[in-house]
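Hi,

Here is the structure I promised to pass on.

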Amino acid sequence: SDTVQRLLADQVGALEGFLRGSGGQVVGPVGIVQQGEQLAAQEGALGLLVFFVSVNLNLALLNALPIPALDGGKIAFVLAEQAFGRRPDDDAKQNVELLFILLVVAALLNLTVKDVASLFEK
């Protein structure tokens, strides 16, 4: 359907923009709910289903990035261990993971505040 093709094209375009560093509009949980609500109003149940699939695919891709707080980071630590033949210091590993967890939480809070602020601008 046209909805599925448009959403897939939007996803590919967003990924290309992200990889080029030009990125599109990044939203947090509040923005995601707003987008889902708009899509459901415009496209109905099929559009909403495709949107849910899209959100899940995006979360899977983000989780696979080699960021120490995420699953991709765990894989990166295992690969580094295999490459260097020794385990990284547990305290250093925990400190790096904690730092990145804090950065992820800070980014999520920043996006949420931005999303809530945009609700009051309209």
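Let's start with Leu 46, which is partly exposed because its relative accessibility is 44% (buried means under 20% relative accessible area, exposed over 50%, partly exposed in between, with a 1.4 Å probe and protein chains only). Leu 46 sits in helix H2, residues 29-64 (helices are DSSP runs of H or I, at least four residues, numbered from the N terminus).

Before going on: this is a predicted model, where local features need pLDDT of at least 70, side-chain atom pairs count only at pLDDT 80 or more, and totals for chains, interfaces and linings use all residues. Residues are numbered from 1 along each chain as its sequence is written, and side-chain values use heavy atoms, leaving out hydrogens and water.

Now the rings. Searching the whole structure gives one aromatic pair. The partners are Phe 51 and Phe 52, tilted at 50 degrees between the planes and 6.5 Å centre to centre (ring centres of Phe, Tyr or the six-membered ring of Trp must lie within 6.5 Å; under 30 degrees is stacked, over 60 edge-to-face, the rest tilted). Phe 51 is buried at 11% relative accessible area, whereas Phe 52 is partly exposed at 46%.

Another ring, Phe 77, has Lys 93 over its face, 5.3 Å from the ring centre (the cut-offs are NZ of Lys or CZ of Arg within 6 Å of the centre and within 35 degrees of the ring normal). Phe 77 also touches Glu 97, which, leaving aside neighbours within four places in sequence, contacts Pro 68, Ala 69 and Lys 74 too (heavy atoms within 4.5 Å). Glu 97 belongs to helix H4, residues 90-121, and is buried, with a relative accessible area of 14%.

Cheers

Methods: Helix = DSSP H or I, 4+ residues; strand = E, 2+ residues; numbered from the N terminus.
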